[in-house]
Amino acid sequence: MAPHPAEEFPSLRAQVKAWHEVGGSPQQRALALDGLYERSAKVVAALLPELTELTLPIPRKSRRLVRSVLDLLQMLADDTLAIVEDVARYDATDRNQAPDLALWRSLHALAQQLMISHLIASPAPTGAWQQLHQTYARARDRRLEAAIPRGQSRKLQHIYHAAILLGCAQPASLTAREVLFLAAYFERFAGQIETISAEAAATAPGSFWVDPTRDAPALPFSRKLAPSTAPLEYFSCARLGLLLKTQIAQLNAGTPAEEIGLPELASAPAGVGVLRRLAGRWSDFGKRRFHRRRQGYRTVLGTGIDGLWQLSKEGDSAAVELSSWMITNESPDGYAIRHVAGKIGTLSVGNVVAVRTGDEKNWQICMVRWAVSENPEDLELGLQILAPKAVAAILARPVEGEGTEHLRVLVLPEIPLLRTSQLLVVASGVLTQNNEKLVLVIEDENLVVREVTSIGIDEQTGSVDILSIEPDKRHF
């Protein structure tokens, strides 16, 4: 039996380290590194699906494995680039020493390193973004950015732009599965990125700027003004945003994802939700509505629809596992919190949570918008407040050939000046856009049966779907 991918990393790292001590001709060393790179790329690819199954914060053992992967990718990025640096040793007839292939592999290793950091909600390794920018700059200096090396199907420019686009997609606001989905999406559509002038970037939506001398991803022009003295590069995602909207319309019309060249997840509500959020961000970043204030007080948190259903129905937290958090800053529409104690449970970006502080009676209903975890003992979350409270309800859903299915759901009240309709929170994928009439059973002082109509999808994530609802007027 073949060894598990994780079991190969120690020997691969040892072999790459030993490569520095190996003698021989430049051709022999290039050939040895070629084999190490090919094997390492296969092992890393085989490990990626397992990384999407990890929960936050990443356990210490898993984090050590990820650190080993990142270190291996860093060594490969450095060593393949070293072949380019020693130009005097090139043999133009040796395909293993071709500068375009060496630069491509260095860019790809750095892009993989950044993507894996996104997968575990960890900050990028120090220097990774700067090295990515500078490696691409070397390719441009040699006029190799449009080259497709032997054995590859994409240009060097494509590798760089795909990594840049993933950084522009606010990866802290994505689950690991969504990160892999968008990485695959950008691999196919990074060619839609447009290089523009500074003047055009100042007014165009979806514009970003990159400072190749800084260790930072591309930054949106609408959120942070570009410095006037730095040698910057500007690009626009407007064309890609239009493509996203077209693809979303096709998916909503029932076109299978594979027919329009999209990764498999695009056929699921979570995939459509990611594309919709991305298209919205790149159409109009907007401004922060409220200022944030630094804080330092405690709150307790419950997670998941079932947990929030219990909290909203019973008002008693004894049956729900809660954790303790510190609110580090807040605004009228959300919080940033840091984990202090207690089991976190099934917590992920895109899930709903409830928070309560002090002697407050109601549990505020929030959505996890981003997550950052620098080490196994640390987890920070960004929460958006959806409603000051929720009503626990049962959704009666007919199932063909099986009778009626009863599901726990949450009803969020309308909020004056913000939204005029109520929201229904259900598990992801439970309902489709074709559901018109929904029957809700609410048990309060009296048993109430309500017939409502879904008037639109407010949001879709990998954990929940949020629908705008209104009373079914046909029955009044």
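This report describes helices, nonpolar cores and strand pairing in a predicted model.

## Basis

Residues are numbered from 1 along each chain as its sequence is written, and side-chain values use heavy atoms, with hydrogens and water left out. Because the model is predicted, local features need pLDDT of at least 70 and side-chain atom pairs count only at pLDDT 80 or more, while totals for chains, interfaces and linings use all residues.

## Helix H4

Helices (H or I, at least four residues) and strands (E, at least two) are DSSP runs, numbered from the N terminus. Helix H4 covers residues 99–119, 21 residues in total, and reaches 30 Å from its first C-alpha to its last. That is close to the 30 Å expected at 1.5 Å a residue, the expected span being 1.5 Å times one less than the number of residues.

Of the 21 residues of H4, 20 are buried, so the helix is largely enclosed by the rest of the structure. Buried means under 20% relative accessible area, exposed over 50%, and partly exposed in between (1.4 Å probe, protein chains only). Ala121, which follows H4, has a positive phi near 55 degrees.

## Nonpolar cores

A nonpolar core is a set of buried Ala, Val, Leu, Ile, Met, Phe, Trp, Tyr and Cys residues joined through side-chain atoms within 4.5 Å. The largest has 103 residues, of which Ile116, Leu182, Phe186 and Trp282 touch the most other members. H4 gives the most to this core, with 11 residues. Apart from it lies another core of 20 residues, including Leu311, Ala354, Ala390 and Val464.

Leaving aside neighbours within four places in sequence, Leu182 is in contact (heavy atoms within 4.5 Å) with Leu166, Ala169, Leu174, Val274, Leu275 and Leu278. With the same exclusion, Gln74 is in contact with Leu110, Gln113 and Gln131. Gln74 is found in helix H3 (residues 60–85).

## Strands

Two strands pair if DSSP finds at least two bridges between them. E14 runs antiparallel to strand E11 (residues 391–399), joined by three bridges, and antiparallel to strand E15 (residues 447–460), joined by seven. Val441 stands opposite Ile394 and opposite Val449 in E15.

An open sheet of four strands has the order E1-E4-E2-E3, with antiparallel pairing. Strands E1 (194–196) and E3 (219–220) stand at the edges, each with a single partner strand, so one side of each is left without a neighbour in the sheet. Four bridges join E2 (residues 207–210) to E4 (residues 233–236), where Ser207 has Ser236 as its bridge partner.
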